[in-house]
Amino acid sequence: MIVNADRIPPAAVRGVARAPLVAFAQSLGFVAAYLALDWVSYIHPMQRYNITPWNPEPALAIALLSVRGWRWAPVVLVAVIAAEWFVRGAPAGMAGTFVTALLLTGGYGAIASVLRGRAGVSFRLVSHRDIARLVIVIALGALAMAAAYVGVLVLSGREVLMPSEAILRFWVGDTAGILVTLPLVLMMTVRERRVELLRLLARRETFAHALAIALTLALVVASPPEQQTKIFYVLFLPLIAVAARYGLGGAMLTTLVIQAVIIASDELSGYQVLTLFELEALLIALAITALFLGATVDELRRTEGDLRRSLRMAAAGEMASALAHELNQPLAALSSYARAGQILAQAPRENAMLLDETLAKLVGEAGRAADVVRRLRDFFREGILRLEVVDLQATLASVVAAEEERAAPRGITVAWQVAEDFRVRADQRQLEVVLRNLLSNAVEAASAQRPGRVDVEAKAQREFVRVSVRDSGPGVAAEDVARIFEPFETTRASGMGMGLAISRAIVEAHGGELWVEPGRRCGLFCFTLPRVPRHG
Amino acid sequence: MDELEARLVVHVVDDDAAVRDSLSLLLSLHGYRTAMFACAEDFLAAWKPEWCGCVLADLRMPGMDGLELQATMAERGIDMPVVIITAHGDVHAARTAFRANAVDFLEKPFDDRGPVAAVSAAFERERERLLERETRARQSERLATLTDREREVLALLVEGLTNLEVAARLGISARTVEVHKARVLAKMSARNVAELIRASAPEPRAEG
């Protein structure tokens with residue numbers, strides 16, 4: 001087969017030519033990062049075992065093998081050997097170093113393949129299931145590796161001192177290191193999560209949170225070593241605040257910072273190894289809290305988003321169906337006029353005047369149908385919900401003015417009052433639909449007995465604005481409260497054909513509520529919308 | 001019959017002016033007389049007992065809707081046939097309306113059969129109703145001519161008693177019963193007791 005070289009996109013040619021180069025560069029980068037992390041964390045090695053209280057570098061290896069697979073195991077092996085050699089001074093000699101390096105690489109690879117395969121953990125870390133499996137795999141994997149590592153050293157007859165203590169320290173150090181670092185590294189491999197983390201760092205609010213974390217950390221670090229484990233719990237406070245605000249990304253970032261500062265301060269002041277191990281054990285608790293709390297917050301937020309989206313869809317559906325219903329009016333008139341026209345046309349001369357009149361009315365109805373379609377198109381034009389900061393007072397004024405034209409001839413007074421100059425976050429057009437609908441219902445109800453009255457009022461209610469529409473009509477009986485919100489409920493359908501169901505769906509899509517206060521003396525409909533604080 | 005025909009009017013109750021106007025035009029071109037009402041309340045306020053024909057009411061109206069109008073009419077004994085106009089074949093509304101004896105459902109936009117067929121069916125029913133009402137009126141006029149004793153005899157005969165039993169019950173002779181019975185049959189223009197029973201049966205009630 002002859003391939004025209006011109007046809008191949010230049011990027012592809014370069015890509016093929018560059019692939020090994022890129023892979024080589026990436027391998028070098030990985031080895032350098034692994035070495036750097038190992039060097040930073042090579043503190044307080046347990047005598048002769050070379051076990052340290054904090055090991056974040058396995059997280060890098062596990063992440064690489066999780067994303068790229070076993071093919072990259074040789075690179076990890078090189079990194080581990082290099083670390084043993086340059087950072088730890090190869091205490092086990094040439095052969096021993098190679099054996100332990102093989103063992104560690106195999107362990108990392110095994111953890112990675114369990115995460116990818118049997119455990120099926122999504123690197124986006126979106127569910128409790130992902131988090132639980134990640135924690136279990138890390139804890140068990142680290143334990144197995146600790147036992148194997150110490151076991152090899154003991155079996156080779158080199159070390160026989162306190163093997164169980166060695167296993168425990170290896171386990172705690174690796175678990176603390178991996179648990180804090182791996183979730184972050186895994187999340188960084190997913191674009192969506194990466195963007196989320198970067199955005200988080202760019203927010204102004206983040207500084208306030210960082211300050212709070214720094215102050216609490218200072219409190220812990222500045223206290224005497226024997227006190228540190230006792231007041232460690234204080235660190236949970238900023239962590240919980242961050243997790244609640246930013247979800248998993250923020251929580252894990254905070255845990256990493258806390259861990260790094262504690263290690264660094266320990267390094268600078270040279271504390272007891274034992275204190276550091278205790279602190280690491282506490283850090284594991286902190287990391288697990290951060291993981292689950294962060295995932296819960298993420299999940300909650302996602303569910304909320306889904307709910308809002310489906311409410312928006314419901315609002316759109318209701319709107320479409322209400323407008324489609326409305327189309328039937330002009331269409332019914334159209335068909336009757338057309339049939340009448342047919343009859344009249346049988347004797348066009350005698351009926352000339354009436355025929356002409358009927359055809360004119362027919363055209364008028366066609367225009368009316370077109371109007372409904374236009375309204376439907378307007379509704380869908382800007383997506384489903386276009387949130388903006390809306391001046392409630394101005395909107396209310398314009399809707400009331402329009403409604404007054406209908407109300408005045410029926411002897412109904414419409415009054416409105418706004419407690420302060422509110423701004424709400426809403427879709428202007430849909431807010432108008434809700435107000436118009438409630439007002440026209442109220443006018444309809446108030447016209448039951450004269451003189452009628454409709455009062456519209458807006459008040460602050462915590463972070464919401466509460467708008468209430470009160471009419472002097474007969475009110476809604478308690479047993480009818482649920483019924484009137486059903487779509488196509490006919491009891492008091494407005495001429496517009498837009499029921500309360502659609503208004504409620506719209507308000508709920510905005511994050512507010514719409515309800516009716518049952519009563520015999522007057523009708524009272526209320527809804528809330530999130531308020532926007534005024535700036536300057 | 002022609003006199004009755006002239007009294008039949010289609011009462012269109014719809015809040016939409018164009019629908020009202022077009023319906024009335026179309027029906028008048030088919031030779032029907034129409035009256036228009038913008039809402040159910042207007043119709044009920046204007047109603048007079050001598051009105052007959054049918055009611056064409058929209059299901060969805062501000063204030064009282066079509067089904068409520070139908071229910072109120074039944075309450076007040078306005079038994080003109082009702083045709084409900086609906087824009088969506090709402091099963092629930094249809095069930096309610098038919099249970100309340102609606103003649104027909106007219107779906108918006110109107111189908112091929114259209115409002116004319118619905119109105120013609122409604123008028124058919126109205127004619128039957130008016131005829132029956134007339135017969136009934138004649139019957140009650142005849143009943144009014146009976147004496148008290150004759151009415152007693154009639155009541156017992158209708159219950160299914162024999163002449164002898166009637167005589168025993170009223171404490172009169174069988175012969176006297178015979179005489180009363182003959183007079184009752186003559187006044188009610190019935191040939192036998194079976195016809196009497198049919199004529200004096202209680203008025204059938206519309207039930208759901």
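**Composition and burial**

Modeller: Of the 536 residues in chain A, 39% count as buried. Please bear in mind that this is a predicted model. In chain B, which has 208 residues, the buried share is 31%.

Colleague: Which residues have the most contacts inside the largest nonpolar core?

Modeller: They are Ala61(A), Ile62(A) and Ala290(A), in a core of 75 residues. Helix α6 (residues 163-188) of chain A gives the most to this core, namely 13 residues. Leaving aside residues up to four places away in sequence, Ala61(A) touches Tyr34(A), Val76(A), Ala79(A) and Tyr108(A). Another core, of 44 residues, lies apart from it and includes Leu59(B), Leu67(B), Ala102(B) and Val103(B).

Colleague: How should I read the burial pattern along a helix?

Modeller: The general idea is that an α-helix has 3.6 residues a turn, so residues three or four places apart point the same way. A case to examine is helix α4 (residues 93-116) of chain A, which has 24 residues. From its first C-alpha to its last, α4(A) reaches 34 Å, close to the 34 Å expected at 1.5 Å a residue. Its buried residues include Thr100(A), Leu104(A), Tyr108(A), Ile111(A) and Leu115(A).

Colleague: What covers the buried residues of α4(A)?

Modeller: The cover includes α2 (57-68), α3 (73-87) and α5 (128-155) of chain A.

Colleague: How is a sheet to be read, and what is the strand order in chain B?

Modeller: Strands of a sheet pair through backbone hydrogen bonds, either parallel or antiparallel. In chain B, 5 strands form an open sheet in the order β2-β1-β3-β4-β5, with parallel pairing. The edges are β2 (33-37) and β5 (104-107) of chain B; each has a single partner strand, so one side of each is left without a neighbour in the sheet. On average, neighbouring strands of this sheet are turned by 20° against each other, direction ignored.

Colleague: Over how many bridges do β1(B) and β2(B) pair, and which helix packs on the sheet?

Modeller: Strand β1 (residues 8-13) of chain B pairs with β2(B) over 5 bridges, in the parallel sense. Within this pair, Val10(B) stands opposite Thr34(B). Helix α6 (residues 114-144) of chain B packs on the sheet and touches β1, β3 (52-58), β4 (82-86) and β5 of chain B. The direction of α6(B) makes about 140° with that of β3(B).

Colleague: Where does Arg462(A) lie, and is this residue buried or exposed?

Modeller: Arg462(A) is in the loop between β4 (452-461) and β5 (464-471) of chain A. Its phi is positive, about 50°, although it is not a glycine. Arg462(A) counts as exposed because it has 8 C-beta neighbours inside 10 Å, where the cut-off for exposed is 12 or fewer.

Colleague: What is the phi of Ser189(B)?

Modeller: It is near 45°, a positive value in a residue other than glycine. Ser189(B) is placed in the loop between α9 (174-187) and α10 (193-199) of chain B. With 11 other C-beta atoms within 10 Å, Ser189(B) is exposed.

Notes: Residues numbered from 1 in each chain as written. Chains lettered and ligands numbered in written order. Predicted model: local features only at pLDDT ≥ 70, side-chain atom pairs only at ≥ 80, totals over all residues. Buried ≥ 20, exposed ≤ 12 C-beta atoms within 10 Å, placed from the backbone. Helix = DSSP H or I, 4+ residues; strand = E, 2+ residues; numbered from the N terminus. Core = buried A, V, L, I, M, F, W, Y, C linked by C-beta atoms within 7 Å. Contact = placed C-beta atoms within 7 Å. Pairing = 2+ DSSP bridges. Axes fitted to C-alpha atoms, helices over the stretch in contact; angles between N-to-C directions. Expected span 1.5 Å × (residues − 1).
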